[in-house]
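Please look through the sequence and the structure shown here before reading on. The briefing that follows is arranged by topic for a reader who is new to this protein.

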Amino acid sequence: MFKAAARGIGIIFTCLSLLFASSCSKPANPSRNEAPVYREKSISTINMNADIINLVNQVRQAKHLPPLRILQSASFEAAQHSQDMAAKRVPFGHDGFKQRAIALANELNGSSATGENVATGKMTAKEVVTAWLKSTAHRANIEGNFTYTGVGVAKDSRGVLYYTEMFVKK
């Protein structure tokens with residue numbers, strides 16, 4: 001598991017893929033004297049899952065890659081993982097990734113690759129995708145040779161969001 005944390009702004013990213021492993025980059029830290037901006041944000045999660053998928057597919061389209069199709073079981077696995085992290089049933093990260101990958105492979109009667117991007121913080125869909133794109137490993141999943149995706153976003157008791165995007169290749 002690879003993890004980068006930006007302590008001053010409360011955003012944490014991790015990424016994982018069964019295809020490859022590379023380190024994630026750290027987002028820029030604001031000055032220590034600046035108050036974290038995210039604490040004042042009110043983020044709506046109503047359309048967040050669809051917005052993240054649309055933004056990821058816009059990136060893929062710009063790179064002449066086929067759009068990722070929504071796989072309901074990937075959305076379910078992503079949502080469950082985000083909910084578990086938000087409820088502190090699992091630590092932030094990729095605990096249980098192998099089981100999620102196996103569940104998705106079973107759903108598709110086999111898969112050749114599975115990847116996962118995870119983030120936390122009070123970010124809009126655009127902010128989380130932009131942050132993922134600044135990381136080599138996250139970008140590799142977004143631009144990877146995958147056919148399906150699913151996104152799940154959950155909010156903890158303090159209003160902090162947990163984002164999970166699953167990527168699957170049939």
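**Briefing on the predicted model**

Among contacts in the protein between residues at least 6 apart in sequence, 70% join residues at least 24 apart, where contact means heavy atoms within 4.5 Å. This is a predicted model, in which local features need pLDDT of at least 70 and side-chain atom pairs count only at pLDDT 80 or more, while totals for chains, interfaces and linings use all residues. Residues are numbered from 1 along each chain as its sequence is written, and side-chain values use heavy atoms, with hydrogens and water left out.

**Overall make-up and confidence**

- The protein has five helices and six strands, which are DSSP runs numbered from the N terminus, with helices (H or I) of at least four residues and strands (E) of at least two.
- Read from the N terminus on, the order of the elements is β-β-α-β-α-α-β-α-α-β-β.
- Of the 170 residues in the protein, 49% are buried, a term that means under 20% relative accessible area, whereas exposed means over 50% and partly exposed lies in between (1.4 Å probe, protein chains only).
- The mean pLDDT of the protein is 81, and 75% of its residues reach 70 or more; pLDDT is the predictor's confidence in each residue, from 0 to 100.
- Over residues 1-40 the pLDDT stays under 50, and for this stretch the model has 90 contacts beyond four places in sequence.

- Helix H2 covers residues 72-86, and at 1.5 Å a residue its 15 residues should span 21 Å, which agrees with the 21 Å between its end C-alpha atoms; the expected span is 1.5 Å times one less than the number of residues in the helix.
- The buried residues of H2 are Ser73, Ala74, Ser75, Glu77, Ala78, His81, Ser82, Asp84, Met85 and Ala86.
- These buried residues of H2 pack against strand E3 (69-70), helix H3 (97-107), strand E4 (113-121), strand E5 (148-155) and strand E6 (161-169).
- Ser82, which lies in helix H2, is buried, with a relative accessible area of 0%.
- Not counting residues up to four places away in sequence, Ser82 touches Gly152, Val153, Ala154, Tyr162, Tyr163 and Thr164.
- Lys88 is placed in the loop between H2 and H3 and is exposed, with a relative accessible area of 53%; its phi is near 65 degrees, a positive value in a residue other than glycine.

**Two helix pairs**

- Two packed helices are described by the angle between their axes and the distance between the axes.
- The axes of H2 and H3 come within 10 Å and cross at roughly 165 degrees, where axes are lines fitted to C-alpha atoms, for helices over the stretch in contact, and angles run from 0 to 180 degrees between N-to-C directions.
- H2 and H3 are therefore roughly antiparallel to each other, given that angles under 35 degrees count as roughly parallel, over 145 as roughly antiparallel, 65 to 115 as roughly perpendicular and the rest as oblique.
- In this pair, Ser73, Ala74, Glu77 and His81 in H2 meet Arg100, Ala103, Leu104 and Glu107 in H3.
- The axes of helix H1 (residues 48-62) and helix H4 (residues 125-133) come within 9 Å and cross at roughly 40 degrees, which makes H1 oblique to H4.
- From H1, the residues Met48, Asp51, Ile52, Leu55, Val56 and Val59 meet Ala125, Lys126, Val128, Val129, Trp132 and Leu133 in H4.

- His64 is placed in the loop between H1 and E3 and is exposed, with a relative accessible area of 75%.
- The phi of His64 is near 60 degrees, a positive value in a residue other than glycine.
- Glu143 is found in the loop between helix H5 (136-142) and E5, and at 22% relative accessibility it counts as partly exposed.
- Although Glu143 and His64 are 79 residues apart along the chain, their C-alpha atoms are separated by 9.8 Å.
- Glu143 touches Val59, Arg60, Lys63 and Leu65, not counting residues up to four places away in sequence.

**Leu161 in strand E6**

- Leu161 lies in strand E6 and is buried, with a relative accessible area of 0%.
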